[in-house]
Amino acid sequence: MQTFDCAIAWEWEPDRAYIQRLNDACIAKGVSMYLMNPANIQETISRLERDQLAFRVYYDRASDNDPRFLPLIHYTKKMKSFLINEYANTLRALDKATMHLEFLTKGILVPYTVILSPYNSDPGLKITELEHLGRPFIIKPATGGGGTGVVVGAETLHDIIEARKQYGSDKYLLQEKVVPMVADNRRSWFRILYCCGSVFPCWWDERTYIYEMVTDDERARFKLDPLWRIPQDIADVCRLDFFSTEICLTTDGRFVTVDYVNDP
């Protein structure tokens, strides 16, 4: 049997450069790597079935979009690999409606939100539920990622109805639009990476998607300690090893988690 320290499954073409850099970094550390993608997934499963292949750690960036990778979860459990982000925890964490309610229970600040049942089962909507949202507001499906189905500048009841029809079997969240404070000519919008207990806060402009690490000086000068604490609280809730989250420091000085758990 051939055993590797780590295996990574990926299928999204924009991941290619990231996977290559991660692979190079692991090899430089003496960590043996096995990479899986749509080109070799069937061969990989065949080798696993015949007990010809094993890996100690498994990092899954594919099964959420490509069901051909789902059998790997069974084999990783069988060989007792360490699975970065247990599959059941991932499914639970990707439901924004569930995370919203659990964040509230944990005391994590979130935008004012109205959770709507799936349009296919309950198309009705009470106007009174919208009174505290303000205008404009955000509409987002409870599952999915990458901004799919999200309406950023919603204004009307018609916007809600049309958005809900797009994914009629999914719950929807209607959220108030939070406004970030400006510090040193930068919007105080942050994306934080959490990895196995370590926290890496980045300035992140949600309009340009450009990252820049928060420095120790900026942490002290702008009193950004909550950017290190809140992701630890989120990890307690979602029970994932690796995820990102978005936190906005608002104009009234609140650290509000605006995009709860992103995986992968």
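Which residues cover the two faces of β6, and are they buried or exposed? The legends below describe a predicted model.

**View 1. Strand β6 is covered on both faces.** F137, I139 and P141 lie on one side of β6, and I138 and K140 lie on the other. Each of these residues is buried. Buried here means under 20% relative accessible area.

**View 2. β6 pairs with β7 and with β8.** Strand β7 covers residues 151-154 and runs antiparallel to β6. The two are joined by 2 bridges. I139 has V151 of β7 as its bridge partner. Strand β8, residues 172-176, is also antiparallel to β6, with 5 bridges between them.

**View 3. Four strands build an open parallel sheet.** The strand order is β2-β1-β3-β4. β2 (33-36) and β4 (82-84) are the edge strands; each has a single partner strand, so one side of each lacks a neighbour in the sheet. From one strand to the next, the twist averages 25°.

**View 4. β3 meets β4.** Strand β3 runs from residue 53 to 61 and pairs with β4 in parallel through 3 bridges. Within this pair, V57 sits opposite F82 of β4.

**View 5. Helices α2 and α3 against the sheet.** Helix α2 (residues 41-49) lies across β1 (2-10), β2 and β3, at about 140° to β3. Helix α3 (residues 71-78) packs on the sheet and touches β1, β2, β3 and β4. The direction of α3 makes about 135° with that of β3.

Notes:
Residues numbered from 1 in each chain as written. Predicted model: local features only at pLDDT ≥ 70, side-chain atom pairs only at ≥ 80, totals over all residues. Heavy atoms only, no water. Buried < 20%, exposed > 50% of the residue type's maximum accessible area, 1.4 Å probe, protein only. Pairing = 2+ DSSP bridges. Axes fitted to C-alpha atoms, helices over the stretch in contact; angles between N-to-C directions. Contact = heavy atoms within 4.5 Å.
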